[in-house]
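Have the viewer open as you read.

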Amino acid sequence: KALQALGGLYLYIPRPEKAIPILEESYAYWRKKSDKSKLGHVLNDLGWANIVIGNYIEGEKYSLKGKEMFETLQNKAKLVSSHNNLGSSFMNRGRPTEAYPHFTKCLELTKQLNDDRRKAYALLNLGLCDAYHGNYDLSISRAKQGIVILHEINDKTLETYGYDLLSFTYLYQGDFVN
């Protein structure tokens, strides 16, 4: 548990390159213990760490294993993380069409879980996919929905992402006034 917590700390400082060997050690431990929940959690963390440093294929491999584990356990909250990892990896590789179903699943699950923060994040990520596909009106709508939620729960970090998305979408739409 301590290794996993330390790996998580390095992930969010962010120092993901330091997190990977620690998380790999934690992964080996949980494999021996056959604790599927802990194993899935560390798989998601390994997936995210690899995605953040640009090892997309490796990150997707870990995230897919985590997703399969949490589907078996029917753990919707952790499935959101797996799908978010996969969607983010595909977006970073310039493949919004492949990212879209993962972010759609995030939105569906967060609605079921009444998780407003991650619901807003899913809306923003879907809005980014929409913008890349030229669906600017839908992108703007999703961004505004996400911003409202984030403002209500006082999450300034993600709210800023929403405004970045709006700016990006207006720019690509050719709207320099909004």
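The text below goes through ring pairs and then helix contacts.

This is a predicted model, in which local features need pLDDT of at least 70 and side-chain atom pairs count only at pLDDT 80 or more, while totals for chains, interfaces and linings use all residues. Residues are numbered from 1 along each chain as its sequence is written, and side-chain values use heavy atoms, with hydrogens and water left out.

**Aromatic rings**

A pair of aromatic rings is described by the distance of the centres and the angle of the planes. Searching the whole structure gives five aromatic pairs. Rings of Phe, Tyr and Trp (its six-membered ring) pair if their centres lie within 6.5 Å; planes under 30 degrees apart count as stacked, over 60 as edge-to-face and the rest as tilted.

One of them joins Tyr27 and Tyr62: with ring centres 6.3 Å apart and planes at 80 degrees, the pair is edge-to-face. Tyr27 belongs to helix H2 (residues 16-33) and Tyr62 to helix H4 (residues 56-73), so the pair ties together parts 35 residues apart in sequence. Helices here are DSSP runs (H or I, at least four residues), numbered from the N terminus. Tyr27 and Tyr62 are both buried, meaning under 20% relative accessible area, with exposed over 50% and partly exposed in between (1.4 Å probe, protein chains only).

Tyr121 and Tyr161 also form an edge-to-face pair, at 6.0 Å centre to centre and 65 degrees between the planes. This pair links distant parts of the chain, with Tyr121 in helix H7 (residues 116-132) and Tyr161 in helix H9 (residues 156-173), 40 residues apart. Tyr121 is partly exposed, at a relative accessible area of 23%. Elsewhere, Tyr132, Phe168 and Tyr172 make up one aromatic cluster.

**Helix packing**

| Helices | Angle | Axes |
|---|---|---|
| H6 (residues 96-113) and H7 | about 155 degrees | 8 Å apart |
| H7 and H9 | roughly 15 degrees | within 10 Å |

Axes are lines fitted to C-alpha atoms, for helices over the stretch in contact, and angles run from 0 to 180 degrees between N-to-C directions. H6 is roughly antiparallel to H7, whereas H7 and H9 are roughly parallel; the cut-offs are under 35 degrees for roughly parallel and over 145 for roughly antiparallel.

Which residues carry the contact between H7 and H9? Among them are Tyr121, Leu124 and Tyr132 of H7 and Tyr161, Leu165 and Phe168 of H9, where contact means heavy atoms within 4.5 Å.

Technical notes. Helices (H or I, at least four residues) and strands (E, at least two) are DSSP runs, numbered from the N terminus. Angles under 35 degrees count as roughly parallel, over 145 as roughly antiparallel, 65 to 115 as roughly perpendicular and the rest as oblique.
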